[in-house]
Amino acid sequence: MLSLALTMLGLLLITFIIGRVMPIDPVLKVVGDRASQAQYDAAYQAMGLDRPLYVQFARYLGDVLTGDFGRSISTGQLVVDDILRVFPATVELATLGTLIGVLIGVPLGVIAAARRGGIVDQVARVVALVGYSMPIFWLGLMGLLVFYGILGWVGGPGRQGIIYDGMIPTVTGLILVDSLIAGDWGAFQDAFSHIILPASLLGYFSLAYISRMTRSFMLEQLSAEYITTARVKGLSERAVIWRHAFRNISIPLVTVIALSFGSLLEGSVLTEIIFSWPGLGQYITKALLSGDMNAVLGGTVVVGTCFVLLNILSDILYRVLDPRSK
């Protein structure tokens, strides 16, 4: 808990400093560039910018701890309300992308390590190399051109088509879940057709990272002495790989998957822009371009908090999966 508190304090300090060193005048964003000097000075004092930095940070820290990120200049609403509105879209996209990466990347990495130098291993290495090398914005544009524009297999940009837009009652903010709760199968199919392409692109990049790390972990375990002992005892290769070697790599693999999920939460900015996905990444980008620092810092704190919580979750799962850590 102490480590968590210090980490969060450092995160808040960094975001506060970034907000102060950015070449953007928050007062002008509020009063406009045609305001008089008196109006500017009044807003400057009202925002507390005339106080020492340590006093401003203490006030900022107190506001954040109470969930107050200020009001967005772009939307005119509280930043926390904006984040609650857009964050579920990012979570849904990142979750589906991570599931695709795990369900394909983990078996691919295991098989590649078990058959080192074979065709599967070569394919896995090429897949990982392309995943690390290809710009996601290019893949996104090509995906829209081929699968939406030419073949018509998937829905276009956005979370839903015009017909279903705004028709599903918001319960969780996750459009796939909410459409199932509403019992609207047509809306679910429409939402799935819109999310499957951006989620597959994010899943491909997650797959590249997860498969590469899984292969590396498995190669290390398969060269260990206990694996040789298991084979000498007559265990099948399937049991050796999945029951013994894979069980031992599941512990570091938890961290890899957690970090991959965190990366998709904050790294899906270009994907959200290309597919007009109304998520947190697009929200932060638009806020940054408009100089809305309250929204930028609020979104940054949320993403950083997610990373911290995911690391804590990984530590907890360590204790569950590995009794020796107790």
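A: Gladly! Keep in mind that this is a predicted model. Let us begin with F188 and F192: these residues sit four apart in helix 9 (residues 185-222), so about one helical turn separates them.

Q: How are the rings of F188 and F192 arranged, and why is the pair called stacked?

A: The idea is to look at two values, the distance between ring centres and the angle between ring planes; planes under 30 degrees apart count as stacked. Here the centres are 6.4 Å apart and the planes of F188 and F192 meet at 15°, so this pair is stacked.

Q: Is F188 buried or exposed?

A: For burial, we look at relative accessible area, and under 20% means buried. F188 has 16%, so F188 is buried.

Q: Which arrangement do the rings of W242 and F246 show?

A: This pair is tilted, because the ring centres of W242 and F246 are 5.2 Å apart and the planes lie at 55°.

Q: Which residues touch the most other members of the largest nonpolar core?

A: First the general idea: in soluble globular proteins, nonpolar side chains tend to be buried together. In this model, the largest nonpolar core has 42 residues, and those touching the most other members are Y60, I83, F87, I195, L280 and Y283. Several helices each supply at least two residues of this core, including helix 1 (2-21), helix 5 (79-114) and helix 9. Helix 14 gives the largest share, nine residues.

Q: What is I195 in contact with, leaving aside its neighbours within four places in sequence?

A: I195 is in contact with E92, L93, L96, L176 and W277. Another core, of 16 residues, lies apart from the largest one, and its members include A113, I210, V240 and I241.

Q: Where is Q282, and what does it contact?

A: Q282 is found in helix 13. With a relative accessibility of 12%, Q282 counts as buried. Beyond its neighbours within four places in sequence, Q282 is in contact with E272, I273, S276 and W277.

Notes:
Residues numbered from 1 in each chain as written. Predicted model: local features only at pLDDT ≥ 70, side-chain atom pairs only at ≥ 80, totals over all residues. Heavy atoms only, no water. Phe/Tyr/Trp six-rings, centres within 6.5 Å; stacked < 30°, edge-to-face > 60°. Buried < 20%, exposed > 50% of the residue type's maximum accessible area, 1.4 Å probe, protein only. Core = buried A, V, L, I, M, F, W, Y, C linked by side-chain atoms within 4.5 Å. Contact = heavy atoms within 4.5 Å.
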